[in-house]
Amino acid sequence: MNYYKATETQASFSFGKDLKEYMISLKAISQPTVFICIGTDRSTGDCLGPMIGSYLQGSHVNLPVYGTLQEPVHAMNLTKYITLIKNTYENPFVIAIDACLGTKEHIGYITLEQGSLFPGEGIQKSLPCIGDLAITGIVNHARKSNFFVLQSTRLHLVMQLAMTISEGISFALQ
């Protein structure tokens, strides 16, 4: 797993460079690439995915994006979107993006990892895993009441993570 501190000057460049290397090494270039940005606009800490999805749709990224502030992909419709992606694209390379909780030291970091994302894990929800690559933004630290931790997360941090991740993705796809 790779970590990137969103406040560092070169974070989006380093993240984007590594994302591109992962995509090349995993032969994603020969498959249709799809982004699924998971979360809800009803919780500050959990709006990271939809915020990134909205940024990607508004940028020059010309790939399918599921999960935006207007049409979020969340716990109630995740299975529907997983089925839609599998039925729409032949052997898609799925990049899954979500907010997560971590240690105090890692708040404000981005992670990039080969393999599936397990949405809802931080709040003890049992949801299907998704993705060939997982990108997370650590928005707060895990505690007993993780649901309330997500509700009280600072929007500025979420926006900073979203911008860094979006810029890195744009760089990777150039």
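I started with handedness: the crossing of H1 and H5 is right-handed. A reminder to myself before going on is that this is a predicted model.

Next I looked up the geometry of that pair. Helix H1 covers residues 11-25, and helix H5 covers 155-172. I found that the axes of H1 and H5 come within 7 Å and cross at roughly 45°. H1 and H5 are therefore oblique to each other.

Then I listed who meets whom. On the H1 side I noted Ala11, Ser12, Phe13, Phe15, Gly16, Lys17, Leu19 and Lys20. Their partners in H5 are Thr164, Ile165, Glu167, Gly168, Ile169, Phe171 and Ala172. Sorting the residues of this contact by class, I get eight nonpolar, four polar and three charged.

I moved on to H2 and H5. Here the helices pack at an angle of about 45°, and I read 9 Å between their axes. That angle makes H2 oblique to H5. The crossing of H2 and H5 is right-handed. From H2, I see Leu48, Met51, Ile52, Tyr55 and Leu56 making the contact. H5 brings Leu155, Val158, Met159, Leu161, Ala162, Met163, Ile165, Ser166 and Ile169 to it. By class, I count 13 nonpolar residues and one polar in the contact of H2 with H5, with no charged ones.

A side note on spacing: an α-helix has 3.6 residues a turn, so residues three or four places apart point the same way.

How much of H2 is buried? I checked residues 48-58 and found Leu48, Gly49, Pro50, Met51, Ile52, Gly53 and Leu56 buried. I also wanted to know what covers the buried residues of H2. The cover includes helix H5, along with strand S2 (33-37), strand S3 (65-66), strand S4 (93-102) and strand S6 (133-141).

My last stop was Pro32, which I located in the loop between H1 and S2. Is Pro32 buried, exposed or partly exposed? Its relative accessibility is 32%, so I file Pro32 as partly exposed; the buried class ends under 20% and the exposed class starts over 50%. Leaving out residues up to four places away in sequence, I find Pro32 touching Tyr89, Glu90, Asn91, Pro92 and Phe93. I also took one distance: the C-alpha atoms of Pro32 and Arg42 are separated by 30 Å, and these two residues sit 10 residues apart along the chain.

Notes:
Residues are numbered from 1 along each chain as its sequence is written. This is a predicted model: local features need pLDDT of at least 70, side-chain atom pairs count only at pLDDT 80 or more; totals for chains, interfaces and linings use all residues. Side-chain values use heavy atoms; hydrogens and water are left out. Buried means under 20% relative accessible area, exposed over 50%, partly exposed in between (1.4 Å probe, protein chains only). Helices (H or I, at least four residues) and strands (E, at least two) are DSSP runs, numbered from the N terminus. Contact means heavy atoms within 4.5 Å. Axes are lines fitted to C-alpha atoms, for helices over the stretch in contact, and angles run from 0 to 180 degrees between N-to-C directions. Angles under 35 degrees count as roughly parallel, over 145 as roughly antiparallel, 65 to 115 as roughly perpendicular and the rest as oblique. A crossing is left-handed if the near helix is turned anticlockwise from the far one by less than a right angle, and right-handed if clockwise. Ala, Val, Leu, Ile, Met, Phe, Trp, Tyr, Cys and Pro count as nonpolar, Asp, Glu, Lys and Arg as charged, and the others, Gly among them, as polar.
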